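I opened this entry to note what I looked up, item by item.

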Amino acid sequence: MKFEHNNMEIQATASLAQPLLEMRRVSKRFIKPLDAAAKIAKLFGARLKEETVHAVDGVTLGVHAGEVVGLIGESGCGKSTLGRMAVGLHSLSDGARLWRGEDMVPLGRQRGGNSPIQMVFQDPHASLNPRLRVRDIVGEAPVVHGLVAKRQQDDYVKSLLERVGLPQTALTRFPHQFSGGQRARVGIARALAVKPEFLVCDEAVAALDVSIQAQVLNLFMALREEFKLTYLFISHDLGVVRHLADRVVIMYLGRIVESAPTDELYSHPNHPYTQGLLAEAPTLDVRKKTFIAIKGELPSPLAPPSGCHFHPRCPHAMARCSIERPEFREIAPMHFSACHLNGN
Amino acid sequence: MEKPVLEVKNLTTHFTSRAGIGKAVNGVSFSLKAGEIMGLVGESGSGKSMTGFSIMGLIDAPGKIVDGSVRLNGRELVGIGEEQMRSIRGNKIAMIFQDPMMTLNPVLRIDTQMVETVLAHQNVSTAMALQIACNALRRVGIPSAGERLSCYPHQFSGGMRQRVAIAIAMLNNPELIICDEPTTALDVTIQSQILSEMQKLCKESGTALIWITHDLSVVAGLADSVSVMYAGRIVESGTVREVIESPRHPYTHGLLGCAPSRNVRGRPMQQIPGMTPQLLQLPSGCAFRDRCARASELCRVAPHLVHAGQGHEYRCFHPMENTREAA
Amino acid sequence: MKISMQFFRGESPFARLARGYCSSGFAVAGLILFVALATLALLGPVLAPQNPYDLAHLDLMDSRLEPGRLAGDGAMHYWLGTDEQGRDMLSAILYGIRISMTVGLVSTAIALAIGLTLGLLAGYHGGKVETLIMRIADIQLSFPPILIALILLALSGQGYGKIIVALIAVQWAYYARTARSAALVERKKEYIEAATLLRIPSHRILFKHLLPNCMPPLIVISVLQIASAISLESTLSFLGMGLPVTEPSLGLLIANGFQYLLSGKYWISFFPGVALLLAIVSINLVADQLRDVLNPRLQNH
């Protein structure tokens, strides 16, 4: 399914088969409207503009069935927003969200019981309703949607708990009675309860201890096998994504800057930002490190730099970089990067 | 033999509640020389933060330091009373927290807070204090330090705030800084910047550093020595090279094995089964034995400290093989 | 900054609340007092030696007797004296507490229900719904409560039901505002996002997820408001705009005896006043402790 025109982004995702989920040139802008006082001031000539945050800016991302795509970026890059757009929690300012090639109906207007896309959240504290017992946290949605009869709720939840490695006694307990790792498992059970095909994991292991993180990552891998799931795994942790993902996508300030199969990305990073990230990540190498930092800080998404967003911090920036947005091009098989250094 | 800046011997902090006594810190001992960076590594519930707070004297009821000694340059800190401790905190020992807003007052300007810290411990004029503050901000790499002094904390980004917190910690040239997970909440790039700043600062000023973290990889690049804590006890300690390249305690070994970089892509990761035991329900003897594949009847007794040479110590009856010897 | 730790894990939220509540002696005392008064209120007609509003039982000859005096016909002791109609003060107070508390509790409960619903709707949906509800609440809150109550009662006339309506009209806005603030905070939390994503219907999210988590500040306010309602009602009755003479609350009793205060017959105002004081103090003690217990716990999962 190749496209005639130079639309590399679409080509990048529509290679072999149709992706399960496709975000096609999506953008999300958060606009803070002027309140009444500001509107009046504006009438009198004050130079006030509405504040617009370009959280996601023209992103195209496709995930194929059975794939694990790792989405890496730092705070403020828009990866969480993109994740929420993928599941439908945020509406799209531009672009389209396609499921098996067809436009997806927005969350509020969906009918029917199954939600094929679910999310596993980051914060094990805030993502579970502190007033509900586990049986209701996990069992409410399937019962409400008719997947499971009310009288079978407990049995159904127990089977899910077993699958995620929690004891049966967890059924009647409240979230505060569990540790962080156990709460993460409850969150996974809740997502699995409605029989999804696609899971977006938004920093799902970031808040966990290393040893628990390993357990939960193994759980993700096992569940993927068992339930034939597809993942969009959002993280800032390069090591975790390297272990889990088939393909890795790097985001910076609302845009995708590089995308490649995992091994390729980690061995031959192309974009200067990716190179910087990989160089900076602490490793268990005991030779005393001089930490090579990417200088500067993430610019404010209210006023992103012109042209290539990364140019103020890029060690290889040229004049062109501040004027023209680099094209997201294929530079090696299935390896895409948006950088002027790759030629015109 | 150089005299240590900090000497902690058998520090024990208990938390009493109706449900029992929680031994948050259970006989912790270590020492630090001037300019040395020590990583104190452990997961949640290991007691690493409580150790830091105990040294600073920040433990309040129902917690209490019930035993042990903490000597700063020979001076005993346990039990000296709040008045004296206050003159030491921020002056001889400083602390940096995970959330910089625990150091920074959101309603005061940065210069106000910094000048306050300086004047509390040094006998200088306000103008001099302001100068010291400005220099400190410059040292931690905050651009246009002079202007930024008059800003409020909310006008800084997260990484910048943490740098300001570090600057405040360095104001009175402390002999020891305790950092409690200061970069855990920050991005890799910012963490990198802060780690490089800390390395530089310690080298320049000869300040000793205790870096409390759960991330062994940060410690690997930064620290000279490392102590691994589990359930309130130090289970292994030694130089960073020794401990990371040749861990003897099964917990350390397991922890290292959990790191994604030590695992093969696509295959299940090595994991430590089970969870950290609750402090109120610690098993007798070695607290790790319920999760340890090498545990035996012997482990029902608390293991003693074994010295493995070159400062490498551990507490285990069934240590892992010494891979460095073999190599 | 001082550090302490939380150790208790294996209990339900209610048990945790109860334990926290009982940690203060004053709070327990306040609760006991409140329960005692409520019991007296409930059993008023049974306990009272006399029905003070049944004219057949009154003896005008026994009017304005000091506490402790025997009745003219020797049938009973007037433990707290009598008023100018010959009513036994003890009985009058028992009936009075009953009415005051009922009015306070009923008006608070209904105002809570209305305010909570409107506040949650405003907080959850935002937009025009929120603006409409909150502006009405703001307008109302800018008037002094007693003024609104007086105006309403002047328009509608006096009566048991009418006073309750007036008290509801005065109170609902507090609950709405608080509920809305709590809803705004909770709405952003991930468990609400999860519920939305699981496509649980809006009304269910509102009442099963949002509401229980917004309750703590509302519980505190509503308990305090009971006292406030009783107090407001007493003021209105004292001014003569409240309950009619046939169903006197403590406020009316105080008003009745007011003229005799300076002439030495203190008991006609004094004892109802003490009863009112005890009721309000006990409620405040309970609310105080609830506030301390409910707030930090919520951040302490």
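**Entry 1: helix H8 of chain C.** I began with what the buried residues of H8(C) pack against. In chain A they meet helix H3 (79–87), strand S6 (117–120) and helix H6 (180–192). In chain C they meet helix H7 (160–187) and helix H9 (202–238). I took contact to mean C-beta atoms, placed from the backbone, within 7 Å. Helices (H or I, at least four residues) and strands (E, at least two) are DSSP runs, numbered from the N terminus.

I noted that this is a predicted model, in which local features need pLDDT of at least 70, side-chain atom pairs count only at pLDDT 80 or more, and totals for chains, interfaces and linings use all residues. Residues are numbered from 1 along each chain as its sequence is written, while chains are lettered from A and ligands numbered from 1 in the order in which they are written.

Is H8(C) mostly covered or mostly open? The helix spans residues 190–197 and is mostly covered, with six of its eight residues buried. The six are C:Glu190, C:Tyr191, C:Ile192, C:Ala194, C:Ala195 and C:Leu197. Buried means 20 or more other C-beta atoms within 10 Å of the residue's own; exposed means 12 or fewer, and partly exposed lies in between. After H8(C) comes C:Arg199, and its phi is positive, near 55 degrees.

**Entry 2: chain C overall.** I counted eleven helices and two strands. Along the sequence I read α-α-α-β-β-α-α-α-α-α-α-α-α. The C-alpha atoms fill a box of roughly 75 × 50 × 35 Å along the principal axes. Of 301 residues, 42% are buried.

**Entry 3: chain A overall.** Chain A has ten helices and twelve strands. Its C-alpha trace spans about 65 × 60 × 45 Å along the principal axes. I checked the radius of gyration, taken over C-alpha atoms, against the globule rule of 2.2 Å times the number of residues to the power 0.38. For 344 residues a compact globule would have a value near 20 Å, and the 22 Å of chain A agrees. Buried residues make up 47% of chain A.

**Entry 4: where A touches C.** I found 25 residues of chain A in contact with 18 residues of chain C. On the chain A side, S6 and helix H4 (134–144) each supply at least two residues. H4(A) gives the most, with three. By class, this side has 13 nonpolar, eight polar and four charged residues. Nonpolar covers Ala, Val, Leu, Ile, Met, Phe, Trp, Tyr, Cys and Pro; charged covers Asp, Glu, Lys and Arg; the others, Gly among them, are polar.

Entry 5: Which way do H6(A) and H7(A) run against each other? Their axes come within 10 Å and cross at roughly 15 degrees. That makes H6(A) roughly parallel to H7(A). Angles under 35 degrees count as roughly parallel, over 145 as roughly antiparallel, 65 to 115 as roughly perpendicular and the rest as oblique. A:Gly180, A:Gly181, A:Ala184 and A:Ile188 meet A:Ile212, A:Gln215, A:Val216 and A:Leu219. By class I noted five nonpolar, three polar and no charged residues.

Next I took H7 (residues 210–227) of chain A with H10 (residues 250–258) of chain B: the axes come within 9 Å and cross at roughly 50 degrees. That makes H7(A) oblique to H10(B). A:Val210, A:Ser211, A:Gln213 and A:Ala214 make the contact with B:Gly254, B:Leu255 and B:Cys258. Here I noted four nonpolar, three polar and no charged residues.

Key:
Contact = placed C-beta atoms within 7 Å. Axes fitted to C-alpha atoms, helices over the stretch in contact; angles between N-to-C directions.
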